[in-house]
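User: Hi, I'm new to reading structures. Can you walk me through this one?

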Amino acid sequence: MSRELREVVFVDGVRTPFGKATGQYAETRADDLVVKCIRELLRRHPALPPEKVDEVAIAATTQIGDQGLTIGRTAALLAGLPQSVPGFAIDRMCAGAMTAVTTTASGIAFGAYDVAIAGGVEHMGRHPMGEGVDPNPRILSERLVDPDALVMGKTAENLHDRYPTITKERADAYAVRSQAKTAAAYDAEQIQPDLVPVATRSAELGWGLAVSDEPMRPDTTLESLASLKTPFRPHGRVTAGNAAGINDGATACLLADERTARELGLAPKMRLVAFAFAGVEPEVMGAGPIPATEKALAKAGLSIDDIGAFEINEAFAVQVLAFLEHYGIADDDPRVNPYGGAIAMGHPLASSGVRLMTQLARQFAEHPDVRYGLTTMCIGIGMGGTVIWENLSWKGAGR
């Protein structure tokens with residue numbers, strides 16, 4: 001029998017403030033972070049009966065300890081969803097939450113779900129990237145990948161080699177702008193509405209409240225970045241200042257079939273148009289967003305000129321700049337990451353995809369002249385992921 005695919009909408013997204021790996025969430029459980037996000041989504045949308053949630057997909061790159069035990073299911077139970085609501089865990093490294101969204105969205109489009117919650121969590125302070133991993137020796141002995149592929153900073157240095165016009169100075173300048181844009185967005189109250197305050201506990205300091213991103217360094221200057229070490233290569237170009245840090249945090253979003261959303265009185269913000277994942281040489285994983293975007297644009301029947309808003313994950317400045325250079329977009333194009341990005345806010349691996357989507361939804365709300373936008377990110381072991389969205393606030397003019 002034939003089936004008609006349904007339209008999938010992004011209703012809302014929230015996140016915790018992001019923390020430094022040994023910072024404000026040092027004594028907070030990872031699953032408690034994502035539970036806060038799920039509860040906040042339910043609180044913001046009282047018209048949604050909890051039993052109407054058909055699936056909870058939560059991503060974590062390191063699925064161990066308090067990020068293990070099928071975290072989508074356990075987080076759903078801990079958040080107070082009925083026992084009838086199932087859940088699962090997912091891993092695509094940095095694109096975990098993005099994949100949680102595209103996977104549940106596919107189920108909605110097919111008709112398996114009407115409403116789903118998707119998100120991600122990473123407590124890198126408690127579970128460093130690679131904890132418990134045992135790579136198959138064949139990966140290196142048979143030269144299936146370059147050894148640099150297992151060290152993300154080295155892959156960024158390799159990307160600089162591929163794009164010699166992207167100098168350290170240019171990457172540092174991008175990082176300074178990211179910090180400045182995030183500080184300005186906080187001043188304008190453009191980030192706080194999407195944050196879930198988190199009560200924190202420290203055996204030494206007592207109780208606290210996390211209300212903003214801890215990694216921010218608004219006083220960053222070109223001069224301060226110029227003096228930083230290049231740990232991945234002597235006289236290299238990648239530093240702690242032009243890359244995202246090691247961070248903790250969680251995200252979650254509410255997705256639905258568009259008709260169901262309207263029937264429930266929900267107000268969706270954007271509609272999913274197309275998505276794609278693509279592979280590249282693992283030793284230059286930062287190039288992944290380029291073929292993923294080309295693939296997604298082709299599926300959508302659009303060109304890069306149709307995209308009026310971009311949210312690009314800033315794992316490394318060079319990775320964003322390579323994408324912009326490929327498409328002939330200026331480093332300081334106002335359509336790109338207007339609120340800053342991971343260099344300033346942080347990148348808790350599997351959670352970041354939904355942060356990009358939440359910020360794109362805000363761009364759409366502020367710019368009803370923009371019809372299409374995209375979220376894109378590089379992914380460890382040589383991949384990229386891109387999701388194209390349509391602005392439901394679009395007023396019929398502009399791209």
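This is a predicted model: local features need pLDDT of at least 70, side-chain atom pairs count only at pLDDT 80 or more; totals for chains, interfaces and linings use all residues.

User: How many helices and strands are in the chain?
Analyst: There are twelve helices and twelve strands. Both are DSSP runs, numbered from the N terminus: helices are H or I with at least four residues, strands are E with at least two.

User: And how compact is the chain?
Analyst: Its radius of gyration is 20 Å, close to the 21 Å that the globule rule gives for 399 residues, so the chain is as compact as a globular protein of that length. That radius is taken over C-alpha atoms, and the rule is 2.2 Å times the number of residues to the power 0.38. The C-alpha trace spans about 60 × 55 × 50 Å along its principal axes.

User: What share of the residues counts as buried?
Analyst: 58% of the 399 residues. Buried means under 20% relative accessible area, exposed means over 50%, and partly exposed is in between (1.4 Å probe, protein chains only).

User: What about contacts along the sequence?
Analyst: Take contacts between residues at least 6 apart in sequence: 79% of them join residues at least 24 apart. Contact means heavy atoms within 4.5 Å.

User: Now the inside. Which residues have the most contacts inside the largest nonpolar core?
Analyst: Ile304, Ile307, Phe310 and Phe316, in a core of 41 residues. A nonpolar core is a set of buried Ala, Val, Leu, Ile, Met, Phe, Trp, Tyr and Cys residues joined through side-chain atoms within 4.5 Å.

User: Which elements give two or more residues to this core?
Analyst: The helices are H5 (152-162), H6 (168-187), H9 (289-300) and H10 (317-327), and the strands are S10 (307-312) and S11 (372-379). H10 gives the most, with eight residues.

User: What does Phe310 touch?
Analyst: Leaving out residues up to four places away in sequence, Phe310 touches Ile304, Phe323, Ile329, Arg335, Val336, Asn337, Pro338, Gln363 and Leu374. Apart from that core lies another, of 38 residues, among them Ala59, Met124, Leu349 and Val354.

User: Back to H10. How do H9 and H10 cross?
Analyst: Their axes come within 9 Å and cross at roughly 45°. That makes H9 oblique to H10. Angles under 35 degrees count as roughly parallel, over 145 as roughly antiparallel, 65 to 115 as roughly perpendicular, and the rest as oblique. Axes are lines fitted to C-alpha atoms, for helices over the stretch in contact, and angles run from 0 to 180 degrees between N-to-C directions.

User: Which residues of H9 and H10 meet?
Analyst: From H9, Pro289, Ile290, Thr293, Glu294 and Leu297. From H10, Gln319, Ala322, Phe323, His326 and Tyr327. By class, that contact has six nonpolar, three polar and one charged residues.

User: At what angle do H3 and H12 cross?
Analyst: The axes of H3 (residues 96-110) and H12 (residues 352-366) cross at roughly 70° and come within 5 Å. H3 and H12 are therefore roughly perpendicular to each other. Ala97, Met98 and Val101 of H3 make the contact with Gly353, Val354 and Met357 of H12.

User: Some single residues now. Is Leu33 buried or exposed?
Analyst: Leu33 is buried, with a relative accessible area of 0%. Leu33 lies in helix H1 (residues 30-44). Setting aside neighbours within four places in sequence, Leu33 is in contact with Thr16, Tyr25, Thr28, Val121, Val198, Gly249 and Ala250.

User: Where is Asp213?
Analyst: In the loop between strand S7 (206-210) and helix H7 (222-226). Asp213 is buried, at 3% relative accessible area. Beyond neighbours within four places in sequence, Asp213 is in contact with Arg15, Pro17, Phe18, Tyr186 and Met345.

User: Last one. What is phi of His235 near?
Analyst: Near 55°, a positive value in a residue other than glycine. His235 lies in the loop between H7 and strand S8 (247-257). His235 is exposed, with a relative accessible area of 80%.

How values were computed: Residues are numbered from 1 along each chain as its sequence is written. Side-chain values use heavy atoms; hydrogens and water are left out. Ala, Val, Leu, Ile, Met, Phe, Trp, Tyr, Cys and Pro count as nonpolar, Asp, Glu, Lys and Arg as charged, and the others, Gly among them, as polar.
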